[in-house]
Amino acid sequence: MLKQRLMKHSLYVTLGSIIIATVMLVLSIHLAISHIQITERLTTELKTDAHHTAKSLAKNLSPFIESYAVAEYETLVKNETQHKDLLAIIVSNHKMAEINDQRDYKTGFVQIQPNQFIEYDPNNPNQTHALNNSYFSDIHKIYSDSGDVIGDITLYVSNQKIEQAHNTLLVDSAINMLIIVFSLTLLLFVTIRDFLLKPLSKTISLIEQTDETGIPTQEIEVSGPREMTQLSQTINTMLQAIKASKAALEESEFRWKFAVDGSGDGLWDWQIETGTVYYSPQWKKLLKCPPEANVDNVTDWKNRLHPDDYQMVLDNMEQYIQGKTHRFDSEHRMICDDGQILWVHDRGIVVKRTQNGKPVRMIGTISDISDRIQAQQELKHAHRINKLIIETIPDLLWLKDNEGRYLLCNSKFEQFFGAKKEKIIGNTDYDFVDQELADSFREHDRHAMMAGKAVRNKVQLTFASNGYTGLFEATKVPLVSDDNQVIGILGIGHDITELDQLIHQLNETKQLLLSLVNAIPFFIYRLDLEGRFTFANKAFSAYLQQSPESLVGQNFYQIVPTAWAKECQDEDQHLIETRTPLHKTKSLSSTGQTNNHPQPQYLEIIKLPIFDFNQQIIGIQGILWDVTENILSKQALEHSAKHDSLTGLPNRYLFNELIQTVMHRCDRNNHLMALLYLDLDGFKEVNDNLGHEAGDQVLIDIAHPLKAALIRKEDIVARLGGDEFVIAIADLKSKQEIIPILERLHTDLHLSIPCEKNGISEQLEVTASIGVSFYPQSRPISFDELLRQADDAMYAAKNTGKNRYFFYENIQPSPE
């Protein structure tokens, strides 16, 4: 039956079936025998290696366990677990178990995944299950130097290496099978050469015509028996696929392998002869290179090496390439494209050499180890800082157990006892000071341990080393274990001798400053951030008619009118927000507060923010003083500078200031302004006959009708000097509106003054000649020119008979 089925197929199928069946049978037997032999051999090797490892570790761990150096032997155990690729190493430490009052104290590391190790957790069910299902384990006791058992070490071995060996066996067997099949196929070709020799020879000839990479350059001719036709077609298809993917497969084979093994590390692939390097995207990402950056040369790697590590890294690489080291492995710094410094672990191996052993291709990875390096540096720094603090702190520092025995002290404390720390540690206070002082120390220790918190006390101490005596503040803090049991006391003694003296001096200075503050006439106070008084001197309290004590706790709303209090509150809030001082002058009449003064009172006010040591505002400092006399004097001086002392009218200086505003308003509102220039007629006769006092009185009397002529508050009247006056009447809609004003002035400014001359009584007549000009005009005109026009019009009025008014526009131009 089987024979009939085989006969239906081609000879290749028939022979192939026989060959495959035979090879499978032989390989199965071979695999079974090899499996048993490899398993026995590897098991023996693993047990022997595990035994030696456990024995060696037991010896190496003994000094660490005796010295309670748990962290050091854990590092050794972790390194050995990783190096030997073990499932786990568990150390049982009897000495640590005795100290911690535990039944057992076990530590170690477990491999939960390939190349991933974690600390052993006896309460983790997954770890327990993994250890219970290990391939085998080996336990050794750990002895001290005196021969006592101080622990044991257990090595757990997985069957990973055996499985790898089995996998290798399967691969080798598959290769052997291919070799056998190929050999039998050649035998098959010899057997059926009469049918297949010619097309096969032709096919072989074409296949042998290859390029430099070994790939045939021509397609195989499809002819001959069906099997040869199918073979030719298959070969042609394979050749097309090989040509399309061979280069990519060769280049990516090692890259993907290392990329997977690297778990995110950057990959580099260096063609040593050409200097070209492939850098993976992760490599570029680690060094902050843009993905599109043209980075493809070994120089790109060298340029990124840190200058301080450059030569060391190149030397390591050169030693490896020359065969002086087994692999390239370096930890160094590299400069990222953004300027940052990156610590990396750079590893690489040669994967291709020439026939004479010269390296041709090298592949490697880089790992970011910046965090680990930083942690190591920080740990070293922390150790140095701790030691530096303990040894250089100017205070006394000590540590005792709960029986009062010293466990630690610094050099300052050595000076106090006059002994070295080696002699102090293990002894008590009674070994160094008199019983009374030692009893006091012990009593305060017990007090701190009973209180469960820091306790402070002051004590007078005399140093045994140099006889120095000072006042110290001792702070004692109880040390508590994880189970809340007090196990000792930490003490710090701070010399407060100078501080105590400074506090005494400060109190004296404070009293002196308070006396000065209360003696000066300035009003001084302080507020907190809520606006409440925290201090007020006697002058300010007397001003407010209260005592300094009663002001404390009150705010401005309780002692001054609401408007003033609201103003103070707004100013204080702005000062707190902007942190800027305030300086202003305040008129109390503006808030309705005059404090029974018959005239407005002015206060100069300065407010300053009060800062604490952290530059945070904690209050406001206020200083006030009465500047009423200064302000009134200044106002009087300013008034006299701008007004005529005789008539009280504005003088020329003030008039020049005010007239500009009136002219601008006329321009803006499109209104007229009349400028009146007045000069008194007959005034000289009054001075000559009655004297200057009578003349002055005339000027004073003239000022009243001039003021009455003003229609609006914006109108201006001023005395320019002598008997000359000027009036500005604004907001006129037409020139005719000025006529009634001029007529009234013409009447009101006519004075008759009795005078006796040569025994004859007569009347001296005083009138006014008035010149008028208008603004604006058809052309731009300045004030000075406008005043000149009014002055010209005034002289025209005098020339035409005096005691009248005259418009500038009516002046006839003189003939040329």
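The following legends describe close-up views of a predicted model. Local features require pLDDT of at least 70 and side-chain atom pairs pLDDT 80 or more, whereas totals for chains, interfaces and linings use all residues. Residues are numbered from 1 along each chain as its sequence is written, and side-chain values use heavy atoms, with hydrogens and water left out.

**View A. Salt bridge between Asp309 and Arg333.** The closest N and O atoms of Asp309 and Arg333 are 3.0 Å apart (a salt bridge is a side-chain nitrogen of Lys or Arg within 4 Å of a carboxyl oxygen of Asp or Glu). Asp309 lies in the loop between helix 10 (298-303) and helix 11 (310-321) and Arg333 in strand 8 (residues 328-335), so the pair ties together parts 24 residues apart in sequence. Helices (H or I, at least four residues) and strands (E, at least two) are DSSP runs, numbered from the N terminus. Asp309 is buried, at 7% relative accessible area (buried is under 20%, exposed over 50%, partly exposed in between; 1.4 Å probe, protein chains only).

**View C. Salt bridge between Lys586 and Glu567.** The two side chains meet at 2.8 Å, N to O. Lys586 lies in strand 18 (residues 582-587) and Glu567 in helix 19, so the contact ties together parts 19 residues apart in sequence. Lys586 is buried at 4% relative accessibility, while Glu567 is partly exposed at 25%. Salt bridges with shared partners join Glu567, Glu571, Asp572, Lys584, Lys586 and Lys607 into one network.
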